[in-house]
Number of protein chains: 4
Amino acid sequence: MNSRYQDCIKACLECLEACNNCFDACLNEEHVNMMTECIRLDRECADICAYAVKAMQTNSPFAQQICRLCADICESCGNECKQHDHSHCQNCAAACFRCAEKCRQIAAA
Amino acid sequence: MNSRYQDCIKACLECLEACNNCFDACLNEEHVNMMTECIRLDRECADICAYAVKAMQTNSPFAQQICRLCADICESCGNECKQHDHSHCQNCAAACFRCAEKCRQIAAA
Amino acid sequence: MNSRYQDCIKACLECLEACNNCFDACLNEEHVNMMTECIRLDRECADICAYAVKAMQTNSPFAQQICRLCADICESCGNECKQHDHSHCQNCAAACFRCAEKCRQIAAA
Amino acid sequence: MNSRYQDCIKACLECLEACNNCFDACLNEEHVNMMTECIRLDRECADICAYAVKAMQTNSPFAQQICRLCADICESCGNECKQHDHSHCQNCAAACFRCAEKCRQIAAA
């Protein structure tokens, strides 16, 4: 695997975990009707992070384009999550924004 | 691709679609707090159906074991969905039970 | 599910199947050393098609962007496959180009 | 997320990386015709590891069953990889056997 991807893979894996945790926790919240966009985006973001990780780990010729899309989805998920006070949402927002930043660096390289 | 898988692949793809539609529709329901188990299982069931399809389409040596797991998850999703009157849930339950039956046939072959 | 996606979802599912069949068949070819790019792209293309299907079936706000990426990967996979005479490669190339066309229509809508 | 899954998630993520690296490296080997089973199993194993990670991170009621299947696929992949002297195969075999062990512990809990 190309070592220039190492930081971005790490950020994607942390984002994946934060999104999956947030998905599960949102579904357990009392006011789940406030969390529906978060639940949707958590699923989508976790899945694109997994796809981006695979692309980088297999030296895909599409790694840059995939990371660009991943950054867009991460940003959208982070912007939704940061509006909610739950710690799982705040953690997820932070992980999403870090991942978006690392993905943009790969996309621009 | 082994043609004996054809019916099961079709049932998995229909189940995948029904689960993804139900996931989206549940998140738009007024009483989403009633639908949280449905939302969880829709995601899980859609994903295992996709994995089972890939296993069959690539002639995986694990196709039978994967179909057995897929059948269990489909049944669980179907049992949850059938308790809700929404047409997307009733459609999903029917697709899940059909898929479970086809997957059991592969698992037992 | 939004019905405007129907043709594109169908094209993605046919491409997914063609790519997975081609992946399996390439690995069984005598001269597998000629097929390595095909094997790589078949995996990547099958996976992005599955992701695009899910995005459309769940009415993702990213469906257009995902379809644009899917179209690029499908074209690349089609261009590789069409160079090989095996029927599984020719079938796969045709399915990839059809899918790319349908994805471009969604992306441009 | 349930903290009892922490070790198993880590082992799955390491196995996922080892499998994806091995997939890519096998396709670059001179004698790729010797590596076809490895390439197949690397893909399948990477994908089931990703699915198991998601199941654990979302507290799926199917986490144990999924880990049992994951352990079987990891063992099969490890047994194939260990027969090849390439360092990517030896690394992958080790990661697969560790992951299988951690998955069996979850399955038996």
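Me: Which residues is Cys45(B) in contact with, leaving aside its neighbours within four places in sequence?
Reply: This is a predicted model. With those sequence neighbours set aside, Cys45(B) contacts Cys15(B), Cys19(B), Ile73(B), Cys74(B), Cys77(B) and Cys96(B).

Me: Where does Cys45(B) lie? And is Cys45(B) buried or exposed?
Reply: Cys45(B) belongs to helix α2 of chain B, which covers residues 36-57. The relative accessible area of Cys45(B) is 0%, so the residue is buried.

Me: What separates the C-alpha atoms of Cys45(B) and Ala109(B)?
Reply: A distance of 22 Å separates them, and the two residues are 64 residues apart along the chain.

Me: How many disulfides does a search of the whole structure find?
Reply: The search returns zero disulfides over all chains. Cys12(B), for example, takes part in no disulfide, and its nearest cysteine sulfur, in Cys99(B), is 3.6 Å away. Cys12(B) has 0% relative accessibility and therefore counts as buried.

Me: Changing topic: how can chain C be laid on chain A?
Reply: A turn of 180 degrees with a shift of 0.0 Å along the axis places chain C on chain A, with an RMSD of 0.0 Å. This is the relation of a two-fold axis. The same surface serves both copies, as 100% of the contact residues of chain C recur in chain A.

Me: How many residues does the contact take from each chain, and what area do chain C and chain A bury between them?
Reply: Chain C contributes 19 residues and chain A contributes 19 residues. About 1600 Å² is buried between the two chains, with 57% of it on carbon and sulfur atoms. On the side of chain C, the residues that lose the most area to chain A are Glu44(C), Tyr51(C) and Phe62(C), which together make up 35% of what that side buries.

Me: How many salt bridges does the rule find across that interface?
Reply: The rule finds two salt bridges across the interface of chain C and chain A. One of them joins Lys54(A) and Asp47(C), at 2.2 Å from N to O. This pair crosses between chains, from helix α2 of chain A to helix α2 of chain C. Lys54(A) is buried at a relative accessible area of 13%, and Asp47(C) counts as buried at 12% relative accessibility.

Me: Staying with α2 of chain C, what length does the helix reach, and how many of its residues are buried?
Reply: Helix α2 of chain C, residues 36-57, has 22 residues and spans 32 Å from its first C-alpha to its last, close to the 32 Å expected at 1.5 Å a residue. Of those 22 residues, 20 are buried, so α2(C) is largely enclosed by the rest of the structure. Asn59(C) follows the helix and has a positive phi, near 55 degrees.

Me: How many salt bridges does the structure hold over all chains, and what does Asp47(A) pair with?
Reply: There are 28 salt bridges over all chains. Asp47(A) meets Arg43(B) in one of them, at 3.9 Å from N to O. The pair runs from helix α2 of chain A to helix α2 of chain B. Asp47(A) counts as buried at 11% relative accessibility, and Arg43(B) does too, at 3%.

Me: Which residue forms a salt bridge with Asp72(A)?
Reply: Arg104(A) does, with the closest N and O atoms 2.8 Å apart. The pair links distant parts of the chain, with Asp72(A) in helix α3 and Arg104(A) in helix α4, 32 residues apart. Asp72(A) is partly exposed at 25%, and Arg104(A) is partly exposed at 30%.

Me: Lastly, where is His84(D), and is His84(D) buried or exposed?
Reply: His84(D) sits in the loop between α3 and α4 of chain D. At 11% relative accessibility, His84(D) counts as buried. Beyond its neighbours within four places in sequence, His84(D) contacts Met34(D), Met35(D), Cys38(D), Cys89(D) and Gln90(D).

Technical notes:
Residues numbered from 1 in each chain as written. Chains lettered and ligands numbered in written order. Predicted model: local features only at pLDDT ≥ 70, side-chain atom pairs only at ≥ 80, totals over all residues. Heavy atoms only, no water. Least-squares fit on C-alpha atoms with pLDDT ≥ 70 in both. Contact = heavy atoms within 4.5 Å. Helix = DSSP H or I, 4+ residues; strand = E, 2+ residues; numbered from the N terminus. Expected span 1.5 Å × (residues − 1). Buried < 20%, exposed > 50% of the residue type's maximum accessible area, 1.4 Å probe, protein only. Disulfide = S-S within 2.5 Å. Buried area = accessible area lost by both parts, 1.4 Å probe. Salt bridge = Lys/Arg side-chain N within 4 Å of Asp/Glu carboxyl O.
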